[in-house]
Amino acid sequence: SANFHKLNSVSKAYSDYVSDACNIRVLQWNILSQALGVMNDNFARCPDSALDWNFRRYRIVEEMIQYCPDIICLQEVDHFNFLKHVLGTQGYEGMFFPKPDSPCFYIEGNNGPDGCAIFYRKNKFDLVKNENKILEIWRVQSNQVAVMAVLRIRETGQEVCVVTTHLKARQGALLSTLRNEQGKDLLQFVMNNCDNRPIVLCGDFNAEPSEPVYETILNSRHFSSAYASYDISGLRSADREPPYTTWKIRDEGEICHTIDYIFYSHDAMEVEAVLDFPSGDEIGKDRVPSYLYPSDHFSLVCDLRLTNCL
Ligand code: NDP
Ligand code: CA
């Protein structure tokens, strides 16, 4: 069921992927913090055993490596050392930056703070620079962070700037204002560090496309959103995001909306393929997380082709 939908072509299986120097396959995923998922989220229809770390950790790794991504951007990472160890055996190197006052700290038996992480394929890239940032709201530090990696493609010497973030959660007018302020600070961070390099900016923005922060990102530095760039399977019109990137059931009800994005510099890259999300039937009536899908967010995967390459 998981197919890459290639522009102007039939769908292509992800396993056919051969990494080349002009293409970057990016995976963006809020993996669901182990401590938060078990103790805070209160998923009404997810069996406890599906959230057991000894089971779930292999599903998380399997989900990532099956797509052979060149770059992996993650949020809600509270087991970085495990991921670094396991992904290390698969050819990845990674970096992590924790939230200053992670809600995980307040959970009994926590494994440390959650935060954002970037992994990259070691045989494709050299790390030029890593910068981390506590995002500010009106010049005051918030509890949300961003991680940046400047990566040099070994074969061509071309550099790309990869940034990931997890903005403030929860609904409401004030919160959408706070997210917009975090988005402005995030862009400042990007401008100060990415220079003229092509940029991949992805994360859990906790904001639907109607929120101001979505426009703030798109109106700056010529960003486009990878999934909105074209129509998957002819089911939605161009310039529209998919109908959901997370789909869960809490006691308050079903939550199904789009809050995760992969933004890219459209003057330097083109979207060549995106991974389709599983349908409602495929994920089942209890939604996610589940035995099959270890997070309440789906993984976003796209192929970005560098337009000025070789
Ligand atoms: P956020 O509002 O950004 O949310 C933190 C996490 O909660 C996110 O990972 C989010 O997931 C998840 N979340 C969102 N909605 C729900 C929900 N309905 N039920 C359960 N979890 C949800 O929090 P901050 O990081 O800004 O932290 C808030 C502050 O609260 C911290 O500064 C900390 O000091 C304080 N705190 C205190 C506690 C205490 O016991 N004293 C406990 C926890 C926090 P997603 O992004 O996927 O929606
Ligand atoms: Ca969450």
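Predicted model: local features only at pLDDT ≥ 70, side-chain atom pairs only at ≥ 80, totals over all residues.

Visitor: Why is α2 called oblique to α3?
Guide: The axes of α2 (residues 53-65) and α3 (residues 80-88) cross at roughly 50 degrees and come within 11 Å. Angles under 35 degrees count as roughly parallel and 65 to 115 as roughly perpendicular, so a value between these ranges is oblique. That makes α2 oblique to α3. The crossing of the two helices is right-handed.

Visitor: Which residues of α2 and α3 meet?
Guide: From α2 come Trp 53, Arg 57, Ile 60, Val 61, Met 64 and Ile 65, and from α3 come Phe 82, Leu 83, Val 86 and Leu 87. By class, this contact has 9 nonpolar residues, 1 charged residue and no polar ones. Arg counts as charged, so Arg 57 is the charged residue here.

Visitor: What is the volume of the largest pocket, and which residues are closest to its centre?
Guide: The volume of the largest pocket is about 700 Å³. Its lining has 29 residues, and Asp 41, Ala 169, Arg 170, Asn 206 and Arg 250 are the closest to the centre. The strands β7 (140-153), β11 (246-250) and β12 (253-257) each supply at least two lining residues. By class, the lining of this pocket has 12 charged, 10 polar and 7 nonpolar residues.

Visitor: What makes the other space a cavity and not a pocket?
Guide: In a cavity a 1.4 Å probe fits but cannot get out, whereas a pocket is open. The search of the whole structure finds 1 cavity of 30 Å³ or more, and the largest cavity holds about 30 Å³ of space.

Visitor: Which helix or strand gives the most to the lining of the largest cavity?
Guide: α2 gives the most, with 3 residues. The lining consists of Ile 31, Leu 32, Gln 34, Trp 53, Arg 56, Ile 60, Val 77, Asp 78, His 79 and Leu 83. By class, 6 of these are nonpolar, 2 polar and 2 charged.

Visitor: Is the peptide bond between Val 288 and Pro 289 cis or trans?
Guide: The bond is cis, with omega about 5 degrees. Pro 289 is found in the loop between α6 (280-283) and β15 (300-306).

How values were computed:
Residues numbered from 1 in each chain as written. Chains lettered and ligands numbered in written order. Heavy atoms only, no water. Axes fitted to C-alpha atoms, helices over the stretch in contact; angles between N-to-C directions. Helix = DSSP H or I, 4+ residues; strand = E, 2+ residues; numbered from the N terminus. Parallel < 35°, antiparallel > 145°, perpendicular 65-115°, else oblique. Left-handed = near helix turned anticlockwise from the far one by under 90°. Contact = heavy atoms within 4.5 Å. 1 Å grid on protein atoms, 1.4 Å probe; cavity = no way out; pocket = protein on both sides within 12 Å on 5 of 7 lines; lining within 4 Å. Points joined across faces, edges and corners; volume = space filled by probe spheres on them.
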